[in-house]
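Dear colleague,

Please find below the structure that I am handing over to you. My notes on it follow directly after.

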Amino acid sequence: MTRQEIQIEILKILKEEFEIENPGMDDDLREKYHFDSIDAIQLLIEIEDLLESELTMEEKTSAMDIRTINDICDYVESLVKERP
Amino acid sequence: MERRVVITAGAAITPIGHSKNEIIDSLVNGISGVKKMREDDLLSPHIHSKVFGTVDYAIDYDFERRYRKTMGPVAYYACQVAKEVIEMAGLDSDFISSGRLGVSFGSTHGSPTVQRQMYETFSGGFRPGHSPVSAVDYLRSMVHTTAVNITRMFRITGRVISSSTACTTSSQSIGFGYESIKYGMQDAMICGGSDEYDTTTVAVFDNLLACSTRFNDTPHLTPRPFDASRDGLVVGEGGGAVLLEEFEFAKKRGANILAEIIGFSCNNNGGDLILPDINGITQTILLGLKDAGIVADEVDFVSAHATGTKMGDIIEAQAIRTVYGDSPYVTGLKSYVGHTMGSCGAIETIIILYMMEHGFIAPTLNLHEIDEKCSMIRHTMKLHESDIRIAAIQNFAFGGVNTSLIIKKFDD
């Protein structure tokens, strides 16, 4: 999965599941869209579905500092690289 | 320190309507909100009673996703009526988040719809290492979901009380809210209760042979409180909220005062968890009058709990007769909406506010032939143009809990 494909999928998830429309890639999701810890957990489930792979506890914990869509894409990109 | 407590707003979602005008129209014209029970794929095929006090109209919820995500159907009802009373009362945001406004709101058992969805995931299979219960499932289903979704949506920072005592849930909510203001802990409280469509509750009463079953093809003819041909209660859904304020605070900000709460009592039968108890009920009525500092003769309207069960209505009539004699008009308002469980006390209070404002007393619907064992009190058989000055609202619950609220038409 390329960076561009990841970005398309993440924007689609944010729109369909979180009602976040046309966000800026570096918007602070918490400040601008009230994206909270509950949403972060739900997003991780969506990412597991996207990757068709279960995340480890360490991987999930490392996602808790994510603030922007670029951060999310970086995170998913690193997960993709770690998987065969 | 004891302070006066007034009601400055009320809103309800009921089987006979959402707006004040719709509800009054149903009361004045004798229109029932009891309909055929909606089928579900769980319990409805096994329940003998096929009637339900149904909210069958669309409600235009305008809640953002950030609030919706922690709400089950019961919290939608709760937040909607809370929103309406806040808007109606014109509370400003500084006060709302000042810590001097609290919430006293409950439901019978949170959201059974969400609880069912959670249980269904257990039998539906799930990914290894992945919990089928999501982070929001608990927030949407928990017993105090109504109260805290209200605090979250409106940024309320005062005390939270979340009664969950079945049929006395919202009368306790109002009573405990009243006490919070009366004794100086809060200046205002949003109080009430809600319950969503749920066949679990129907099944419980159905198993106890307490549900109405003879009017499955004519739902509007049941329940029939105090009537000789009554055959049990009808479960319903809905929500109701009132805003209570300390009198001087309300007066200072120019609030529209609808009524004053002058008394509240709550006790327990101290024994059986199901059967109504004449001594417990009589005692709670007397305690309510004592708290109000009035004598029985001053009450001119009693909103009876009156679910339409054989035994419950007789015992309540006996208790009313013992305390009030045959002076006040008595109406069983559940005859219009069914037993809306955790919201019944709030909905009945709001209906009384409407009747006080518009100068009428609605009759008990479907009461045509009074059961001779219930005949010793003054039943409201037809619509009366009459000013209610002081009203008592009685509710009794599984678990042996009894409440009595006493409200007075506002008179500065």
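A residue counts as buried under 20% relative accessible area, as exposed over 50%, and as partly exposed in between. B:Phe410, at 26% relative accessibility, is therefore partly exposed. Please bear in mind throughout that this is a predicted model.

**An aromatic pair in chain B**

The partner of B:Phe410 is B:Phe247, and the two rings form a tilted aromatic pair, 5.8 Å from centre to centre with 45° between the planes. B:Phe247 belongs to helix H10 (residues 247-252) of chain B, whereas B:Phe410 sits in the segment after strand S15 (401-409), so the pair ties together parts that are 163 residues apart in sequence. Over all chains, the count is nine aromatic pairs. Elsewhere in chain B, ring pairs join B:Tyr61, B:Phe63 and B:Tyr76 into a cluster.

**The interface between chains A and B**

On each side the contact involves a set of 13 residues: 13 of chain A touch 13 of chain B. About 1,100 Å² is buried between the two chains, with carbon and sulfur atoms giving 45% of that area. The rule finds six residue pairs in polar contact across this interface, both residues being at pLDDT 80 or more. On the chain A side, helix H1 (3-18) and helix H3 (37-51) are the elements that give two or more residues. Of these, H3(A) gives the most, with seven residues. By class, the chain A side has four nonpolar, two polar and seven charged residues.

Five salt bridges are counted between chain A and chain B. One of them joins A:Asp39 to B:Arg65, with the closest N and O atoms 3.1 Å apart. The side chains of A:Asp36 and B:Lys69 also meet in a salt bridge, at 2.9 Å from N to O. This pair runs from the loop between helix H2 (29-33) and H3 of chain A to the loop between helix H2 (65-68) and helix H3 (73-89) of chain B. Both A:Asp36 and B:Lys69 are buried.

**Salt bridges within chain B**

The structure holds 32 salt bridges over all chains. Which parts of chain B does the bridge between B:Glu357 and B:Lys20 tie together? The side chains meet at 2.9 Å, N to O. B:Glu357 lies in helix H14 (residues 344-358) and B:Lys20 in helix H1 (residues 20-29), so the bridge connects parts 337 residues apart in sequence. B:Glu357 is partly exposed, at 46% relative accessibility, and B:Lys20 is partly exposed at 29%.

A further salt bridge, at 3.7 Å from N to O, joins B:Asp40 and B:Arg116. Here the loop between strand S2 (34-36) and strand S3 (51-53) is tied to helix H5 (residues 112-124), the two residues being 76 apart in sequence. B:Asp40 is buried, with a relative accessible area of 14%.

**The surroundings of B:Asn149**

B:Asn149 lies in helix H7 (residues 145-154) of chain B and is buried, at 4% relative accessibility. Leaving aside residues up to four places away in sequence, B:Asn149 touches B:Tyr67, B:Thr70, B:Met71, B:Ala75, B:Cys79 and B:Leu139. With B:Thr70, the side chain of B:Asn149 makes a polar contact of 2.7 Å. The C-alpha atoms of B:Asn149 and B:Ala75 are 6.7 Å apart, although 74 residues separate the two along the chain.

Yours sincerely

Note on methods: Residues numbered from 1 in each chain as written. Chains lettered and ligands numbered in written order. Predicted model: local features only at pLDDT ≥ 70, side-chain atom pairs only at ≥ 80, totals over all residues. Heavy atoms only, no water. Contact = heavy atoms within 4.5 Å. Buried area = accessible area lost by both parts, 1.4 Å probe. Salt bridge = Lys/Arg side-chain N within 4 Å of Asp/Glu carboxyl O. Polar contact = N/O pair within 3.5 Å; in protein donor to acceptor, adjacent residues only side chain to side chain. Helix = DSSP H or I, 4+ residues; strand = E, 2+ residues; numbered from the N terminus. Nonpolar A, V, L, I, M, F, W, Y, C, P; charged D, E, K, R; others polar. Phe/Tyr/Trp six-rings, centres within 6.5 Å; stacked < 30°, edge-to-face > 60°. Buried < 20%, exposed > 50% of the residue type's maximum accessible area, 1.4 Å probe, protein only.
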